[in-house]
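The following account leads from the overall fold to a pocket and then to individual residues. Please keep the sequence and the model in view while reading.

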Amino acid sequence: MSQGPRSGLAAVSAALLAMSRHLEVRDVLKTIVASARELLDAQYAALGVPDDHGGFAQFVVDGVTDAQWKAIGPLPRQHGILAAMLREAKVERLADVRKDPRFEGWPSAHPDMSDFLGLPIRDGEETIGALFLANKKCAKPEGGCGFTAEDEELLSILAQHAAIALTNARLYERSRELTIAEERSRLAHELHDAVSQKLFSLRLTAQAAAALVDRDPSRAKGELQQVAALAAEATDELRAAVVELRPAALDEDGLVATLRTQIQVLDRAHGARVTFASSGFRALPAAQEEALLRVAQEALHNALRHSGAEHVDVTVDRRGSGAVLRVTDDGSGFDPHLTRSAGRHLGLVSMRDRTSGVGGTLTVESAPGKGTTIEMEVPGG
């Protein structure tokens, strides 16, 4: 077994325990990558989860600073060595990845890498990820690879357990999504029943008041007071239901993680390419974060269902003590003024109401054939 800072059975055990400790998919990915890099004493490690469009739904790195990662640019596509690992499902151990005929180059800001060890992560017959390490921290034989056959065997063991941990995390997230959906369905059913009863009573009471107006004004007044009370009760129940329906993921994961997950799902479900990026965002009060999420969801719905866009980009960045959300698409666009006058708001009224409700501002830039950009800025708490 390779000699590194944490070699031996204890190090393997620690890595496996770390992977099994997390339930969220992204946490599992980060733990796998960090454990592999430390265990095999490599300078860099990365793990990519493929999507259905020739790219990666998630790509986690270790050994690269945030500034370096930002400078590198967009996530890699499935080409070169990465594509080979995903397609051929075999280990790749190379003395110098740059000399391999499949190597297709890196962005200019990409760190320099030489010796390389990579392999697929498989769940049965399905390849669910590609894990690789680069630049073994050791003296390398002349023209040889720093990674050894023992390293390869160790990484294979780690990958097998990584597949289990990643599959379990996916099952957990799916189970949580189903639980949330069931709970929302239950609340919606209860809301429907409760409010329907209140509205039915309100209608009967209003009819009684109308019948009494001429012949018994005093009793009519009493009935109208009852109408006001019933309307207040219905309003209170609606408000309570809205609070209960606040997205559970938002409370547990925060805005950025929740948006990232939802956008990954949309990217897989639609023909359009949907991307997400965030820079410097800091947690905001619950009302602001929920408003940002709801506006993003509405804007995404419009872009994916109505605009015919091929690309939709979503960003959430820090601005002062608050944040700014931007949803941009290259779809058919529209004239916001004509849309408003024609009564087809495309959710703009709802978005403006949510934005103003948290003291924010909403800007809509669009024109026929020019795509649409919706920008929402909210202050900090």
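**From fold to individual residues**

The chain contains ten helices and ten strands. The model is a predicted one. Of its 381 residues, 41% count as buried. Among the contacts in the chain with a separation of 6 or more, 62% are accounted for by residues 24 or more positions apart.

Sorted by class, the lining of the largest pocket comprises 17 nonpolar, ten polar and twelve charged residues.

H8 has 20 residues, and the distance from its first C-alpha to its last is 28 Å, close to the 28 Å expected at 1.5 Å a residue. How enclosed is H8 by the rest of the structure? It is largely enclosed, because 14 of its 20 residues are buried. The loop between H8 and E7 holds serine 307. Serine 307 has a relative accessible area of 12% and is therefore buried, since the cut-off is under 20%. Its side chain reaches the backbone nitrogen of alanine 309 at 3.1 Å. Leaving aside residues up to four places away in sequence, serine 307 touches Asn302, Asp329, Gly331 and Ser332.

Strand E5 (residues 126-136) contains isoleucine 128. With a relative accessibility of 2%, isoleucine 128 counts as buried. Which residues does isoleucine 128 touch, not counting those up to four places away in sequence? They are Gly48, Val49, Pro50, Ile121, Arg122, Asp123, Ala163, Leu166, Thr167 and Arg170. For one of these, proline 50, the C-alpha lies 6.8 Å from that of isoleucine 128, although the two residues are 78 apart in sequence.

Strand E5 also holds asparagine 135, whose phi is near 65°, a positive value in a residue other than glycine. Asparagine 135 is buried, at a relative accessible area of 10%. Aspartate 41 likewise has a positive phi, near 55°, and is a residue other than glycine. Such values deserve attention because most residues other than glycine have a negative phi. Aspartate 41 is placed in the loop between H2 and strand E1 (42-50). At 14% relative accessibility, aspartate 41 counts as buried.

Is alanine 95 buried, partly exposed or exposed? With a relative accessible area of 33%, alanine 95 is partly exposed, because that class spans the values between 20% and 50%. The C-alpha atoms of alanine 95 and phenylalanine 147 are separated by 8.2 Å, while the two residues stand 52 residues apart along the chain.

How values were computed:
Residues are numbered from 1 along each chain as its sequence is written. This is a predicted model: local features need pLDDT of at least 70, side-chain atom pairs count only at pLDDT 80 or more; totals for chains, interfaces and linings use all residues. Side-chain values use heavy atoms; hydrogens and water are left out. Ala, Val, Leu, Ile, Met, Phe, Trp, Tyr, Cys and Pro count as nonpolar, Asp, Glu, Lys and Arg as charged, and the others, Gly among them, as polar. Helices (H or I, at least four residues) and strands (E, at least two) are DSSP runs, numbered from the N terminus. Buried means under 20% relative accessible area, exposed over 50%, partly exposed in between (1.4 Å probe, protein chains only). A polar contact is a pair of N or O atoms within 3.5 Å; within protein, one must be able to donate a hydrogen and the other to accept it, and residues adjacent in sequence count only if both atoms are side-chain atoms. Contact means heavy atoms within 4.5 Å. The expected span of a helix is 1.5 Å times one less than its number of residues.
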